[in-house]
Amino acid sequence: MASAEVVVIRQLMAAMESGADVVEMALVLIGPATLHGARQLVKHCTWILRVNYKDLIENNASVVETFDDRLQSELVRDRWPPVWYLKEVEIYEKALLEMNKLRPQQSWLRRSDGETCISPGGCLSFWKRKT
């Protein structure tokens with residue numbers, strides 16, 4: 001790795017830690033880095049684009065379309081978070097929403113003698129009833 005690549009990568013990492021928009025920087029750097037054969041810098045820029053894929057597509061979809069097919073397919077394949085994870089989160093959130101809608105209507109929240117379980121320890125049959 002050339003010393004210029006090391007310097008640029010360190011600057012990118014410092015900018016990332018400070019909260020700067022490194023996606024824009026990576027988009028600007030990836031073309032010249034590819035042209036000049038700076039392989040490590042290209043790898044680092046593609047890593048930044050993969051990790052920030054959602055922001056990349058939301059804000060710079062037209063720029064991504066100008067990338068060659070290999071790079072586009074690489075970004076889609078290795079994006080973060082992966083598509084399967086987003087689908088699982090969506091399924092989980094729907095199930096949680098439905099569960100919360102049904103919870104007040106469920107009969108198992110009541111004890112067999114008709115009293116509601118309000119004990120902080122849960123619905124146990126041996127807790128003392130207040131009289």
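How many salt bridges does the count come to by the rule used here? The count comes to five salt bridges, a salt bridge being a side-chain nitrogen of Lys or Arg within 4 Å of a carboxyl oxygen of Asp or Glu. The model is predicted, so that local features need pLDDT of at least 70 and side-chain atom pairs count only at pLDDT 80 or more, while totals for chains, interfaces and linings use all residues. Residues are numbered from 1 along each chain as its sequence is written, and side-chain values use heavy atoms, with hydrogens and water left out.

**View 1. Salt bridges of D78 with R50 and R77.** D78 forms a salt bridge with R50, in which the closest N and O atoms are 3.7 Å apart. Because D78 lies in the loop between α5 (69-77) and α6 (83-102) and R50 in helix α3, this pair ties together parts that are 28 residues apart in sequence; helices here are DSSP runs (H or I, at least four residues), numbered from the N terminus. D78 also meets the side chain of R77 in a salt bridge, at 3.0 Å from N to O. R50 counts as buried at 18% relative accessibility, D78 is partly exposed at 32%, and R77 is exposed at 60% (buried means under 20% relative accessible area, exposed over 50%, partly exposed in between, with a 1.4 Å probe and protein chains only).

View 2. K94 counts as exposed, with 53% relative accessibility, whereas E90, at 43%, is partly exposed. Elsewhere, salt bridges that share partners join R50, R70, E74, R77 and D78 into one network.

**View 3. The packing of helices α2 and α3.** The axes of α2 (residues 22-35) and α3 come within 9 Å and cross at roughly 150°, where axes are lines fitted to C-alpha atoms over the stretch in contact and angles run from 0 to 180 degrees between N-to-C directions. The contact (heavy atoms within 4.5 Å) involves residues of α2 including V22, L27 and I30, and residues of α3 including L41, C45 and L49.

**View 4. A nonpolar surface patch.** W47, V51 and W80 make a patch of about 320 Å², patches being made of residues with over 30% relative accessible area and no salt bridge, with nonpolar side chains (Val, Leu, Ile, Met, Phe, Trp, Tyr) joined within 5 Å and like charges within 9 Å. Accessible areas come from the Shrake-Rupley method with a 1.4 Å probe, and for residues only the protein chains shown count as cover. V51, in helix α3 (residues 39-51), counts as partly exposed at 35% relative accessibility.

Key
Helices (H or I, at least four residues) and strands (E, at least two) are DSSP runs, numbered from the N terminus.
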